[in-house]
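Visitor: Could you take me through the labels used for this model, setting each value against its definition?

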Amino acid sequence: MSEYVATALEMALPIQRIVTVHYFEYAKNYVFEGECHNFWEILYVDKGEVEVMAGDVGYRLRQGEMIFHKPNEFHNVFANGVVAPNLVVISFECDAPAMAYFEGKVIAAGEDEHTLLARIVREARDAFSNPLDDPNTKILERASSHAFGSEQMIAILLQEMLIRLVRRGVADAHGVKISSSVKSRSDNDLVKRVIAYMEENAYGSLTFSQVCRFSAQSATNLKTIFKAVTGYGVMEYYRRIKIETAKTMLREGNGNITQIAERLGYASVHYFSRYFKQATGMTPSEYTLSIQAK
């Protein structure tokens with residue numbers, strides 16, 4: 001009697017953990033300000049058109065196109081203000097070396113990929129109780145009743161789509177217009193959010209690391225973008241915000257100089273007065289007198 005030997009199947013793109021599955025129907029002026037996370041994300045345009053930042057590159061994606069965001073890559077999404085987009089967003093964990101193929105890829109999906117994505121969405125609706133249009137979903141909750149093997153089907157369908165794309169070997173990036181206006185819009189939006197964050201924290205002592213964490217940008221990227229948009233360094237701008245706040249408080253009589261320095265998070269009146277004079281050419285006392293004279 002011959003002895004049979006089982007062969008362990010090689011899994012080129014194993015997926016055992018899914019993070020989120022979404023189907024969004026957004027308004028024509030929708031803006032997602034951006035994030036980065038330590039897992040892969042696919043964004044597929046099922047209808048309409050969107051502008052996307054992937055790292056420091058801007059893309060315009062049309063219906064039937066998808067983009068892959070690698071782990072820890074900052075990304076955001078803007079509707080074009082004309083057409084209301086429908087988007088499929090799938091995020092998952094996969095550390096297989098073969099995933100390197102998808103880094104920086106924008107792909108025109110074929111009918112097969114469209115069908116597989118639609119089936120993934122259907123299986124996710126059955127497997128999980130979370131509404132697929134909730135952008136705040138952080139963990140998928142299993143539905144109390146679902147079709148047999150629905151979670152496994154999600155993995156199988158996703159793996160099949162990825163394998164098909166690698167086999168096809170088509171990036172189709174030539175069909176996607178890279179737009180400098182997308183990057184400009186994204187950079188301006190980022191800087192506006194950072195400035196608003198610093199203004200909200202004028203009465204405190206923000207560090208550059210805290211601002212970087214808020215922005216979801218590396219220190220180098222944030223410095224470069226912020227300087228290009230405003231002409232100032234990040235913390236230099238934060239100090240200007242504090243001084244402008246101090247000037248308002250002095251004009252409105254909201255405390256004496258010592259109290260204002262404390263409220264704005266300065267270590268001492270000396271440091272406050274020094275920064276104030278650097279910014280205005282006057283000490284806080286001189287500024288107060290000039291206001292009273294006016």
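The talk below goes from a helix to its partner and then to a loop.

Guide: This is a predicted model, in which local features need pLDDT of at least 70 and side-chain atom pairs count only at pLDDT 80 or more, while totals for chains, interfaces and linings use all residues. Residues are numbered from 1 along each chain as its sequence is written, and side-chain values use heavy atoms, with hydrogens and water left out.

Visitor: How do you know that the span of helix α2 agrees with what its 19 residues should give?

Guide: The expected span is 1.5 Å times one less than the number of residues, so residues 150–168 should span 27 Å, and the end C-alpha atoms of α2 are 27 Å apart, which agrees.

Visitor: Why are α1 and α2 called roughly antiparallel?

Guide: Their axes, which are lines fitted to C-alpha atoms over the stretch in contact, with angles from 0 to 180 degrees between N-to-C directions, come within 9 Å and cross at roughly 165 degrees. Angles over 145 degrees count as roughly antiparallel, and α1 and α2 are therefore given that label. Their contact (heavy atoms within 4.5 Å) includes Leu-116 and Ile-120 of α1 and Leu-157 and Met-161 of α2.

Visitor: What makes Asn-72 count as exposed?

Guide: Exposed means over 50% relative accessible area, buried under 20% and partly exposed in between, with a 1.4 Å probe and protein chains only; Asn-72 has 56% and therefore counts as exposed. Asn-72 is found in the loop between β6 (65–69) and β7 (75–79), and has a positive phi of about 70 degrees although it is not a glycine.

Technical notes:
Helices (H or I, at least four residues) and strands (E, at least two) are DSSP runs, numbered from the N terminus. Angles under 35 degrees count as roughly parallel, over 145 as roughly antiparallel, 65 to 115 as roughly perpendicular and the rest as oblique.
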